[in-house]
Amino acid sequence: MTEPIENHKNSVKTVVVPAAGLGTRFLPATKRVPKELLPVVDTPGIELIAEEAAQLGASRLAIITAPQKSDVLAHFEAYPELVNTLRERGKLDQLRKVERAEKLIDAVPVKQDQPLGLGHAVGLAEAVLDDDEDVVAVMLPDDIVMPMGVMDEMARLRAEKGGSVLCAFEVPHDEVSNYGVFDVEECGEDTVRKVVGMVEKPDADEAPSNFVATGRYLLDRSIFDALRRITPGKGGELQLTDAIELLIEEGHPVHIVIHDGKRHDLGNPGGFIRACVDFGLDHPEYGPGLKRAIKEMLAERESKKRRG
C-alpha cells in the first residue's frame, strides 16, 4: 500500500509509462534488449523517466509492458550479487549508480498482451490506482523533456483550473504535420492555452496552431471512463487523443503548458544519437573530451570535402 495522496507533492501518486512497444526502428539492437534500456550516455532512458516521476512527487511507476519485456522491470529490482562485488572492490561510484534505480520509485508491472494503442495502454493502468487518486500522470518514455520540471508547472495549473493538463511545444509551422496539434484559445497567461480540440498530423495549411503535443500528460481520472466509451480506430487501437477529445466535447477543462525548453525523441536512432551527444556534452567526465572529438571530426570532414 502506498502513502496517502496528501503525502505526495503535487497530489500525484502514479505515473504511467507505456513501454510495451517492440522498438522496431532500433533493430537489430532491440532484438533482445528493450529500447527503454538503451543508455543515454550511461543511464537507460526508462531511468531518466523514473527520475522525472520521482521529482514530480510520485511514488509509483506503472510500467506498461509486453510479456517478453520483463527486463524493463528488472532494471528497478535489487541486484545483490553485483552490489556485493562492487562493494568488495571499493567501486562506490558504480555502486551508487547500480542502486539508484531501485531507490528512485516503486516500479510496478502492468501487462499489455497486445499492442492496441496508447489509449488501451493507459486504460490498463487504472487497475493499479488507489481510491484516493483523482489524477494520473502519463510520461512517454520516447520523449525526454528538458529541463525537468514542466510537470510541476502542469500540476500547478491543474490545481488552479482543474481538469487535465498537457505539455506542448511551439514548432515552426512547416513542421506541424509531424505531430498532434492543439486547437487553442487564449486564457490570460503567456505559457498557457485552453484546448478546444486536437488534430493529428494535419497538413501545415490546415493546422489550427503550431502548438504540438509531446509525451507529458496530467489527466483527470475521468479519462478512464472516456477510454471505455470511445470507439477503436484502425487496427482495433484505442487512441488517448480520442478520449481527450471526448472529454473536451463534454465540457471537461483541458489546458496546455507551453514548455520553453527542448525535447529529445528517443524513439528513433536519429533522435537518440542527438540525445546522447547533448547529455554527453553536459557530462562532467565525458563532456570536454567529447567536445574536442566532435570539433576534430567536423574539421576532418570539412578538410576532406575541400580536397574533394
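Reader: Start with the largest pocket. What volume does it have?
Author: About 1,400 Å³. This is a predicted model, so that value is computed from predicted coordinates.

Reader: How many residues line the largest pocket, and which lie nearest its centre?
Author: The lining has 42 residues. Nearest the centre are Arg25, Leu118, Leu140, Asp142 and Gln239.

Reader: Where does the largest share come from?
Author: From S11, with four residues.

Reader: And how does the lining of the largest pocket split by class?
Author: There are 17 nonpolar residues, 14 polar and eleven charged.

Reader: Now the second largest pocket. What are its volume and its central residues?
Author: The volume is about 700 Å³. The lining has 29 residues, and Asp42, Thr43, Pro44, Glu47 and Arg100 lie nearest the centre.

Reader: Which elements give two or more residues there?
Author: Strands S3 (43–44) and S7 (143–146), plus helices H1 (45–56), H4 (92–104) and H9 (269–282). H4 has the largest share, six residues.

Reader: What about classes in the second largest pocket?
Author: The lining has 17 nonpolar, eight charged and four polar residues.

Reader: Which residues line the largest cavity?
Author: Phe26, Lys35, Glu36, Leu38, Gly45, Ile46, Pro141, Asp142, Leu266 and Phe272. By class, that is six nonpolar, three charged and one polar.

Reader: Tell me about Leu266. Where does it lie, and is it buried or exposed?
Author: Leu266 sits in the loop between S13 and H9. Leu266 is buried, because its relative accessible area is 6% and the cut-off for buried is under 20%.

Reader: What is Leu266 in contact with, beyond its neighbours within four places in sequence?
Author: Phe26, Lys35, Val40, Gly45, Pro141, Asp142, Ile144, Phe272 and Ala275.

Reader: On to helix packing. How do H9 and H10 cross?
Author: The axes of H9 and H10 (residues 287–307) come within 6 Å and cross at roughly 125°. That angle makes H9 oblique to H10.

Reader: Which residues make the contact?
Author: H9 gives Val277, Gly280 and Leu281. H10 gives Gly287, Leu290, Lys291 and Ile294. The contact has four nonpolar residues, two polar and one charged.

Reader: Back to H8. Why call it largely enclosed?
Author: Because seven of its ten residues are buried, H8 is largely enclosed by the rest of the structure.

Reader: Which ones are buried in H8, and what do they pack against?
Author: Leu240, Ala243, Ile244, Glu245, Leu246, Leu247 and Ile248 are buried. The buried residues of H8 pack against helices H5 and H7 (223–229). They also pack against strands S8 (164–170), S10, S11 and S12 (254–258).

Reader: What follows H8?
Author: Gly251, with a positive phi near 90°.

Technical notes: Residues numbered from 1 in each chain as written. Predicted model: local features only at pLDDT ≥ 70, side-chain atom pairs only at ≥ 80, totals over all residues. Heavy atoms only, no water. 1 Å grid on protein atoms, 1.4 Å probe; cavity = no way out; pocket = protein on both sides within 12 Å on 5 of 7 lines; lining within 4 Å. Points joined across faces, edges and corners; volume = space filled by probe spheres on them. Nonpolar A, V, L, I, M, F, W, Y, C, P; charged D, E, K, R; others polar. Buried < 20%, exposed > 50% of the residue type's maximum accessible area, 1.4 Å probe, protein only. Contact = heavy atoms within 4.5 Å. Axes fitted to C-alpha atoms, helices over the stretch in contact; angles between N-to-C directions. Parallel < 35°, antiparallel > 145°, perpendicular 65-115°, else oblique.
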